[in-house]
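Work through the exercises below with the sequence and the model open beside you. Each task is followed by a solution in steps.

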Amino acid sequence: MEKGRIRWRCRRALLELDLVFRPFLAEGFDQLSDAELAALVEMLALEDHDLWPMVHGTKPAPRSDWQALIAKIQAAHRRQTQELLGTPGGETNA
Amino acid sequence: MNVETYTFDAVIVGAGGAGLRAALQLAEAGLRTAVLTKVFPTRSHTVAAQGGVAASLGNSTPDHWHWHMYDTVKGSDWLGDQDAIEFMCRKANEVVIELEHYGMPFDRTDEGKIYQRPFGGHSMNYGEAPVMRSCAAADRTGHAMLHALYQRNVRARTQFFVEWMALDLIRDQDGDVLGVTAMEMETGKVAIFHAKATIFATGGAGRIYYSSTNAFINTGDGLGMAARAGIPLEDMEFWQFHPTGVAGAGVLITEGVRGEGGILRNCNGERFMERYAPNLKDLASRDVVSRAMVTEINEGRGCGPNKDYVLLDITHLPPETILKRLPGIREIAIQFAGVDPINEPIPVVPTVHYQMGGIPTNYKGQVVVPKGDDLEVPVVGFYAAGECACASVHGANRLGTNSLLDLLVFGKASGETVIEDIQSGNLRLKPLPKDAADLSLARINRLNTATSGETVADVLLDMQRTMQKHAGVFRFAHLLKEGVARILQVEERVKHTFINDKSMVWNTARIEALELENMIEVAKATMISAEARKESRGAHVRDDCPDTPEFPNGRNDKEWLKHTLWYREGNRLTYKPVHLKPLHPDTQPIALAKRTY
Ligand SMILES: Cc1cc2nc3c(=O)[nH]c(=O)nc-3n(C[C@H](O)[C@H](O)[C@H](O)COP(=O)(O)OP(=O)(O)OC[C@H]3O[C@@H](n4cnc5c(N)ncnc54)[C@H](O)[C@@H]3O)c2cc1C
């Protein structure tokens, strides 16, 4: 599937998800392997209310390839949040 | 260039609650109906709505549609049109029960009726006591609503064009609307959707502000398209702010947190709401709390390195309470503020939430514009519903849960009106003008051929910062004036944006550039309308129009009890009267009064 289409499907109905995906689209997305992209496409087909708890970590993702993607998404967001807030640390539970 | 044309009875732009409800009406009547949407229907922003949908069913407490009408008129600070408000409140039970029949999983009472909850601003017996009027499906009301409507549309054979972006409205020499141009994202191809009727249901434009609770999809495309086609935008100065959005991110922290005992503090640790609202304190109404927060920040008592937010403190609550009652909020604070609210307070700022203004319509969903002496002449073939439309039921301030109701009532009404207009022979397929797609093709061509310019992201950010600073929750004459000049400068920069990626297929940079061209129209309309309105009313509060005996709450009914209409051409403003008369002659109007709670 074209990268542009996948990128567009990261536009979500919940602001929470838009915000978490934004830094990932800027820094990790272009390096994903074909297998990772395929896994992402399937993950993006979830409903937002199911996806958000998984991305946030309150509900474990049922697939290990999704867990690995979520770790990357969260790492990108964590870096951005730290830059914005200018504080080290900042608890997260990716 | 040869542009492909698709022909339908009706084309609907938008597949949120309003678009899907309108589509259903048409498709079930056997009309050939197309729905265009930028994202998959159940990814529309309606999914984010949790609080519920208002209807005076009276299942949990006594209720009456006229009480609901009173609350809505008062909430609107008397700027809402009373005929449209009566229509909406009377129709509420019908559309909610219909939705139940479509399979919406509403919460139930023990007897199996729809369970109803209380919600801010909704009352019993004309303000006497809180009423239980909000119908919800757990905390997924919007999501459940979209699913029920989408399934039903699939059954009715509505034809969906998913991941298509409408670009421009097509009007002929008579000013009649004949459809839209749209771009298929997958190919980059532009096509014409030619129809007897066009319904806009494109949602709000909350992303024009820097701090917004709205998802990125809310770029006001319908308003931009209407404005470019010469349709005025109504009451765009009125934006509802939610007091507690996470600073920097915008994600909403519900009122429930203050309900559980959350306290707002300034940089001195002071519980400043005690000074502004000695009785209700942190639980005062949204606008009072928002303005108090902004006053603290403006007077130098904000927190953080830039002193630009205040703190929402729940560290005094037992951790068990936070974990049990507010788990979602804790997640949001950890994710977006980097703080665990069990140990540290959450940085918050008033955040834009809902657009009261929009494309002017009457209660039937017809788009209406001034023509000669008649200030409300329907534009043939053009209808609008939902957050992009201004019926006007929310006036200067919307009540929570009235928006989902607006989607259902006016989505359905616009569909019904289209059916009537087609059956009565008022609407037919008029021939397309030769230049139908020229404007859209020229816009795309500019982006394809520009070899230099500013990035979309840079101009977008400046637009958002300008809106936030100059047309925020609390408005100042000099800032508004300066804001008009600034936003016109931003407009010039929007004309010269540049994208690196010139590919046809799935070019998200191009989509974002086209969205910015829509957002700037909404931004100009907002700033210019706000600068001109020299009173305080509802969500539009000016520092130079304070509460006085002559002008209670700063509201000036003598000069400003009227709707604003902003035209793109020349940034011209005109005004039209508010409908103070209800729909039915025997309905008691809601007399003007000071808005106090
Ligand atoms: C966080 C949050 C919570 C809320 N909670 C409540 C609540 O509890 N109760 C309540 O009553 N209200 C609530 N609201 C307000 C309410 O959710 C919205 O006003 C409402 O959902 C808007 O619905 P809509 O159908 O008008 O538009 P949307 O649901 O925003 O749908 C717009 C549609 O238009 C499409 N579209 C836009 N532009 C184009 C284009 N150019 N081409 C093709 N398609 C296009 C989109 O793809 C989408 O399908 C809430 C709002 C927010 C932000």
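A residue is buried if 20 or more other C-beta atoms lie within 10 Å of its own, exposed if 12 or fewer, and partly exposed in between, with C-beta atoms placed from the backbone. Helices (H or I, at least four residues) and strands (E, at least two) are DSSP runs, numbered from the N terminus. This is a predicted model, in which local features need pLDDT of at least 70 and side-chain atom pairs count only at pLDDT 80 or more, while totals for chains, interfaces and linings use all residues. Residues are numbered from 1 along each chain as its sequence is written, and chains are lettered from A and ligands numbered from 1 in the order in which they are written.

**Exercise 1. Strand E13 of chain B**

Task: Find which way the residues of strand E13 (residues 310-313) of chain B point, and which strands E13(B) pairs with.

Solution.
Step 1. B:Val310 and B:Leu312 point one way, B:Leu311 and B:Asp313 point the other way, and all are buried.
Step 2. Two strands pair if DSSP finds at least two bridges between them. Strand E12 (residues 263-265) of chain B pairs with E13(B) in the antiparallel sense over 3 bridges. In this pair, B:Leu264 stands opposite B:Leu312.
Step 3. E13(B) also pairs with strand E14 (residues 346-355) of chain B, in the antiparallel sense and over 3 bridges. Here B:Leu312 has B:Ile346 as its bridge partner.

**Exercise 2. An open sheet**

Task: Give the order of the strands in the open sheet that contains E3, E5 and E4 of chain B, and name its edge strands.

Solution.
Step 1. The order is E3-E5-E4, with antiparallel pairing.
Step 2. Strand E3 (53-54) and strand E4 (116-124) of chain B are the edge strands, since each pairs on one side only.
Step 3. E4(B) pairs with strand E5 (residues 129-135) of chain B over 5 bridges. Among the partners are B:Met124 with B:Ala129 and B:Pro118 with B:Met132.
Step 4. The hairpin of E4(B) and E5(B) has 4 residues between the strands, and B:Asn125 takes a positive phi near 50° there.

**Exercise 3. Helix H14 of chain B**

Task: Compare the span of helix H14 (residues 477-494) of chain B with the expected span, then list the buried residues of H14(B).

Solution.
Step 1. The expected span is 1.5 Å times one less than the number of residues. H14(B) has 18 residues and reaches 26 Å from its first C-alpha to its last, close to the 26 Å expected.
Step 2. The buried residues are B:Leu480, B:Gly483, B:Ile487, B:Val490 and B:Val494. An α-helix has 3.6 residues a turn, so residues three or four places apart point the same way.
Step 3. The buried residues of H14(B) pack against helix H13 (456-470) and helix H15 (508-532) of chain B.

**Exercise 4. The largest nonpolar core**

Task: Which residues touch the most other members of the largest nonpolar core?

Solution.
Step 1. A nonpolar core is a set of buried Ala, Val, Leu, Ile, Met, Phe, Trp, Tyr and Cys residues joined through C-beta atoms within 7 Å.
Step 2. The core has 207 residues, and B:Ile199 and B:Ile359 touch the most other members. H15(B) gives the most to this core, with 13 residues.
Step 3. Two residues are in contact if their C-beta atoms lie within 7 Å. Leaving aside neighbours within four places in sequence, the contacts of B:Ile199 include B:Ala10, B:Ile12, B:Tyr383 and B:Val418.

**Exercise 5. Around the ligand**

Task: How many residues surround the ligand, and which are the closest?

Solution.
Step 1. A residue counts as near if its C-beta atom lies within 6 Å of the molecule. There are 45 such residues around the ligand, the closest being B:Gly14, B:Gly16, B:Gly51, B:Gly203 and B:Gly386.
Step 2. The largest share of this shell, 4 residues, comes from H11(B).

**Exercise 6. An exposed arginine**

Task: Why is B:Arg275 classed as exposed?

Solution.
Step 1. B:Arg275 lies in helix H7 (residues 273-276) of chain B.
Step 2. B:Arg275 is exposed because 12 other C-beta atoms are within 10 Å.
Step 3. B:Ala292 is 17 residues from B:Arg275 in sequence and 9.0 Å from B:Arg275 in space, C-alpha to C-alpha.
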